[in-house]
Structures are given as C-alpha cells and as structure tokens.
Amino acid sequence: MKTSIVVPSKGCEYLRYLLRGLRSPSYSSFEVILVLKDCDLRVVESLCQGYSLKCVVIEQREGYFTHALNLGKREAKGDITIFTDDDVIPLQKWIERYIKLHTLYKHVAGVCSRDIYIDLGSVRLLPIPDDRPEVKLYRFFIRSWLEQPLPLLRKYRLGVYITKKLNIAHGYGIPSKTCYSLSFRGANMSFKTSYIYDVWFPEHRLLRRAPGNEQYFALQLILKGFDIIYVPNNPVLHIARRESLSRTMHREELKREFEIMKSLYRELLQRYGVRV
C-alpha cells in the first residue's frame, strides 16, 4: 500500500525535523508532497536527497494555508493520504501504523490521531488542555448535555464534533479513547485517497489560518455517508511555537476567521439538505 504525505510550509524553518523523522529503514513506499511558500527550494531538495526521500516539491505562489493543502491533495497518488505540519516530528512506524489502521478499519474514510507538544529548547513534553483532569471531567459531566452535537453527528459525541450552534467541541473520548470523531488535529490525520477525490479544504480570501478547516474537510465525508475515527495510539510530536501556518496567539483574528468558518459549515450543511 502506497502513501502520500502532504505538508504545507511557509519559511521551512522547522522542516528538517519532519524530513529527518520520515526516514524509515523498513518502509519506503511513500512520497512527501511539499507545498512551499517563501522557502529556498534548493535547500529543501537537498534535504530530501540527503534523507533519501521521494519528495514532490510545489511552490505556492498565492493563497494561504488551506490553498496549500488543496494543492498538495491534488498531487497525492498514494492509496492513503496523510496530512501533517512542517513542524511535526513523526515517531517510528508512524506511517506503517496508519496503513495497519486503514486495513483494520476497512470501511472508514479517515483515521486521525493526536499530537503531543514538545519544547525543543528543553526537549520536554508539554501538557495540553485535553490532558487536564478538570477538562476531562467537564467533558464527561457537562458538555455531553450542554453542547450537544448536530443530530447528524450524534454518534460522534465522544470525539470531535460540531454542535447545534456550529461550534467545535471535544467529547470526553479525546484524547484517550478510540471513537468516532471528526479530524482532531490537522497535523495528524489520514484518509483513503479514493474517498477524498472530491473533498476539499475551505478557501476564502479572508481565511489565513482557517481554524476548523480539518472539521470542514471531515464533515464533507460524513455528509457523503462515510465515517472517521480517532485513535490515541499514533501520535506525533509537535514543536511548540507561538506562530505557524495554522496557529496564532492573536485571539481576535481567530475569532473573526472562525465566524467565517461557521458560515461555511452552515452553507455546506444546507447544500446537503441539513437544517441548522
């Protein structure tokens, strides 16, 4: 089974950590599709050659984060397409585990897992809100009835789902239980390529980071009658930093963009006849 790994990157500052982690003495039937903006292409090509990786390098000349994801998806030729970030450090057997999971779950369109933040300076793993006991208790006792999923996503209530108010919510299965879930993190999600040929990430002139884009992508598959699951046991390390293609500390910017995303969720649902 062949695999395509789609990686958007702006600046390519941390890309070497990802490429180094993708070296595998036991599995080589994969391609890395790099969609690059503001990068030195010769340096990247040299890295790919140095790590003996089959890389497809695409220079992104316009658009933002989700435009890069769609550019990469168009080029994917593998049986499985994995999406990740350029500041991720994959663990050993990461790709092979996804192949086994897609073989095990033959009838699901996608399998996603989690990320674990790492501080490069101290080489220390960092806690995230999903791991806090109080967050888990809130999700178990309160969120299940206070923030109910869309009826379409009722069986997704343990994982990541969209609420009746079109917000993104995490159920108490995240991050420790295998469950039905919309894509949890854009940095670690995989799909059977044949299922996503006509599924796209949202593109909008005002969306630079498009928070919730991975859930928009997954929602299209649900509306087509497919399922997606979350598994906790195929994580990646994610380099902790304040700003990236998909992350920012500017909360007002994120709030504005998420309001646009909510309007796109609504349009998508209504296109399939779902009342919201």
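**Surface patch, a covered helix and the cysteines**

Leu137, Phe140, Phe141, Ile142, Trp145 and Leu146 together make a nonpolar surface patch of about 640 Å². Patches here consist of residues with over 30% relative accessible area and no salt bridge, with like charges joined within 9 Å and nonpolar side chains (Val, Leu, Ile, Met, Phe, Trp, Tyr) within 5 Å. A salt bridge is a side-chain nitrogen of Lys or Arg within 4 Å of a carboxyl oxygen of Asp or Glu, and accessible areas come from the Shrake-Rupley method with a 1.4 Å probe, where for residues only the protein chains shown count as cover. The model is predicted, so local features need pLDDT of at least 70 and side-chain atom pairs count only at pLDDT 80 or more, while totals for chains, interfaces and linings use all residues. Residues are numbered from 1 along each chain as its sequence is written, and side-chain values use heavy atoms, leaving out hydrogens and water.

Phe141, one of the patch residues, sits in helix α5 (residues 133-146); helices (H or I, at least four residues) and strands (E, at least two) are DSSP runs, numbered from the N terminus. With a relative accessible area of 51%, Phe141 is exposed (exposed is over 50%, buried under 20%, partly exposed in between; 1.4 Å probe, protein chains only).

Helix α3 (residues 65-75) is another story: 8 of its 11 residues are buried. These are Phe65, Thr66, His67, Ala68, Leu69, Asn70, Gly72 and Lys73. Among the elements covering them are β1 (3-10), β2 (30-37), β4 (80-83) and α6 (213-223), with contact meaning heavy atoms within 4.5 Å.

On to the cysteines. The structure has 2 disulfides, defined as pairs of cysteine sulfur atoms within 2.5 Å. Cys12 is joined to Cys39, S to S 2.0 Å. Cys12 lies in the loop between β1 and α1 (15-21) and Cys39 in the loop between β2 and α2 (41-50), so this pair ties together parts 27 residues apart in sequence. Both Cys12 and Cys39 are buried, and the torsion about their S-S bond is about 95 degrees, which makes the disulfide right-handed.

In the disulfide of Cys48 and Cys55, the sulfur atoms are 2.3 Å apart. Here the torsion is about -95 degrees, so the disulfide is left-handed. Cys48 is buried at 4% relative accessible area, whereas Cys55, at 21%, is partly exposed. In sequence order, the bonded cysteines pair 1-2, 3-4.

Cys112 is in no disulfide; its nearest cysteine sulfur, that of Cys179, is 8.1 Å away. Cys112 counts as buried at 1% relative accessibility. Cys179 is likewise in no disulfide, and at 7% relative accessibility Cys179 counts as buried.
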